[in-house]
Amino acid sequence: MSEFTGCPGSRAMDFRKSEARDEAPVSQIQSQLRQWPIQLHLISPVAPYYQGADVLLTADCVGYALGGFHNDYLKGKSIAIACPKLDQGQDVYVEKIKSWFENAKINTLTVLIMQVPCCMGLVQLAKQALANSSRKVPVKAVVVGLQGQILSDEWI
Amino acid sequence: LKDIVDIHNLSDEEEKELMAKIGQAIYPGRKVEIPRKERKGKTRSKELTYSPPMKRLVDEHILIKKWIALIPQALEKFDVNSNEDRELILEGVNFIRSYADRFHHAKEEDILFKYFDENSDILKTMLEDHVKGRGHAKATLEALEKKDRQGIVDHLTAYRELLTEHIKKEDEILYPWMDGKLSVKQVGELFSKFNEADDRTDREGIGRCEKFVHEVEKKFRKEEVK
């Protein structure tokens, strides 16, 4: 098979060998989602559940890769999801994130992205919104590996 | 030793080396393998990184470090009978009281330390340093009043030594350890509370403190060139 030369975010990989780890001793995991909608184009940045909240801005793929997503990251937070590679109209995203800072007066923003290079675009959108905002808020970037491991976790 | 090892947030290699040495000291000649304990928070990377509220405190240290680095020069040729020299010391103590103490240490004592056990040894040590620092500032002013040159030199030098160590402990050990313990929500709260504290501060007074340090730096630099 020839070596893959395209975008790392589109490269096919098979993790099936490590099946044993998915046997969690929990009969049912409680969802920590406390709002709807969640897609960044659909949400209103001033919805009540964003007011003063700790907000997660999550790349679409993270919810599938990160095993403990609900309990370790989503619990107690409000959320929006987006894909910096495929979504259109990302200038609207910058304005919505800015509105979280300025109008919803959120407490913190945590940007959860996958390790693939195109995902870094979501952190850039958050940085741009923060630079444009008159109100500053702590923003954290968490990078998730393709098999759900946390690769980095830094305030930016 | 759990707390001590925990607070220093060593890398895996450093912790292994330290525990091996402790094992050797307790059981000479015996090979002791001490398992590494999993801890909350990340281990220290080569470059220290801070959450935004901690970064603000670290940044405030920069101006304090600038003034305490200038103290030896300020004392070297200090003439207790010179109005200009006495004014410099007076403004220096005013900087210590306004900037280092009311602006910076108050943020720690009134806000940050409330998130932790104030009876813990590490916080008691930090609070004792603050009290000692205030004592040296007060004693410097008293010596200045009496035109007691040696008293001024002794207390300002002691303040310099105290704060140099104090800032190093905070930047390298205390703040990274606290960052590892704080939740995301608490980091956001601290950031907001620091903003509110800064909004309540006399900004002109802080501006005068910054100007004082920069002007003393400039003055001593010119004297060095001469």
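**Notebook: aromatic rings in chains A and B**

I began at F103(B), which is buried, with a relative accessible area of 7%. The model is predicted, and I keep that in mind for every entry.

**Entry: partners of F103(B).** I counted aromatic pairs over all chains and got seven. Then I turned to Y99(B) and F103(B). Their centres are 5.1 Å apart and their planes stand at 45°, so this pair is tilted.

Entry: Y49(A) is partly exposed, at a relative accessible area of 25%. Y50(A) has 0% relative accessibility and counts as buried. Y99(B) is buried too, at 4%.

**Entry: the helix.** Where do Y99(B) and F103(B) sit in chain B? I found both in helix α4, residues 83–110. They are four residues apart there, so about one helical turn separates them.

**Entry: a charge over the rings.** Which rings does its charged end sit over? One is the ring of F103(B), with the charged end 4.1 Å from the ring centre. Another is the ring of F194(B), where I noted 5.9 Å to the centre.

Technical notes:
Residues numbered from 1 in each chain as written. Chains lettered and ligands numbered in written order. Predicted model: local features only at pLDDT ≥ 70, side-chain atom pairs only at ≥ 80, totals over all residues. Heavy atoms only, no water. Phe/Tyr/Trp six-rings, centres within 6.5 Å; stacked < 30°, edge-to-face > 60°. Buried < 20%, exposed > 50% of the residue type's maximum accessible area, 1.4 Å probe, protein only. Helix = DSSP H or I, 4+ residues; strand = E, 2+ residues; numbered from the N terminus. Lys NZ or Arg CZ within 6 Å of the ring centre and 35° of its normal.
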